[in-house]
Amino acid sequence: AGKRAAVQDWALELKLGGYSKIGWPGIVIVEGEEARVDAYVRALKRLKWQHMEVRGEEIEEVPEGSSVDLLRRLHWGFEELPESG
């Protein structure tokens, strides 16, 4: 699979929600369980990119009796945005 497919497929496999925009500048925004997001970032870094860096992250505590899914700000699933933004 190409990079484009990997960006989306890996996010879905790891149950992450978010968006990607391929091109220059490209961007990937994901949310989900911290360990899954970390695994996703490690996988993306193994692909050949001209440049890639994590520019920001937010970590929230999940209250007892709640779940990451109940706290999501983005929809569940992963969507590629058009190159025009």
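**Charged side chains**

Tutor: Buried means under 20% relative accessible area, exposed over 50%, and partly exposed in between (1.4 Å probe, protein chains only). This is a predicted model, in which local features need pLDDT of at least 70 and side-chain atom pairs count only at pLDDT 80 or more, while totals for chains, interfaces and linings use all residues. Residues are numbered from 1 along each chain as its sequence is written, and side-chain values use heavy atoms, with hydrogens and water left out.

Student: With which residue does the side chain of Glu60 meet in a salt bridge?

Tutor: Side chains of opposite charge can pair when their charged atoms come close. The rule here asks for a side-chain nitrogen of Lys or Arg within 4 Å of a carboxyl oxygen of Asp or Glu. Glu60 meets Arg73 in this way, at 2.6 Å from N to O. The pair links distant parts of the chain, 13 residues apart: Arg73 is in the loop between α3 and β3, and Glu60 in the loop between α2 and α3. Helices (H or I, at least four residues) and strands (E, at least two) are DSSP runs, numbered from the N terminus. Arg73 is exposed, at 60% relative accessibility. Glu58 joins Glu60 and Arg73 in a network of salt bridges.

Student: How many salt bridges does the count come to by this rule?

Tutor: The count is five. One of them is between Arg4 and Glu80, whose side chains meet at 2.8 Å, N to O. Arg4 lies in helix α1 (residues 3–13) and Glu80 in strand β3, so the pair ties together parts that are 76 residues apart in sequence. Arg4 is partly exposed at 41%, and Glu80 is partly exposed at 29%. Glu33 also forms a salt bridge, with Arg36, and their closest N and O atoms are 3.5 Å apart.

Student: Is Glu83 buried or exposed, and what is it in contact with beyond its neighbours within four places in sequence?

Tutor: Glu83 has a relative accessible area of 51%, so it is exposed. The residue is found in the segment after β3 (78–81). With contact defined as heavy atoms within 4.5 Å, Glu83 touches Arg4, Lys21, Ile22 and Gly23, leaving aside those neighbours.

Student: Where does Glu61 lie?

Tutor: Glu61 lies in the loop between α2 (34–46) and α3 (68–71). At 71% relative accessibility, Glu61 counts as exposed.
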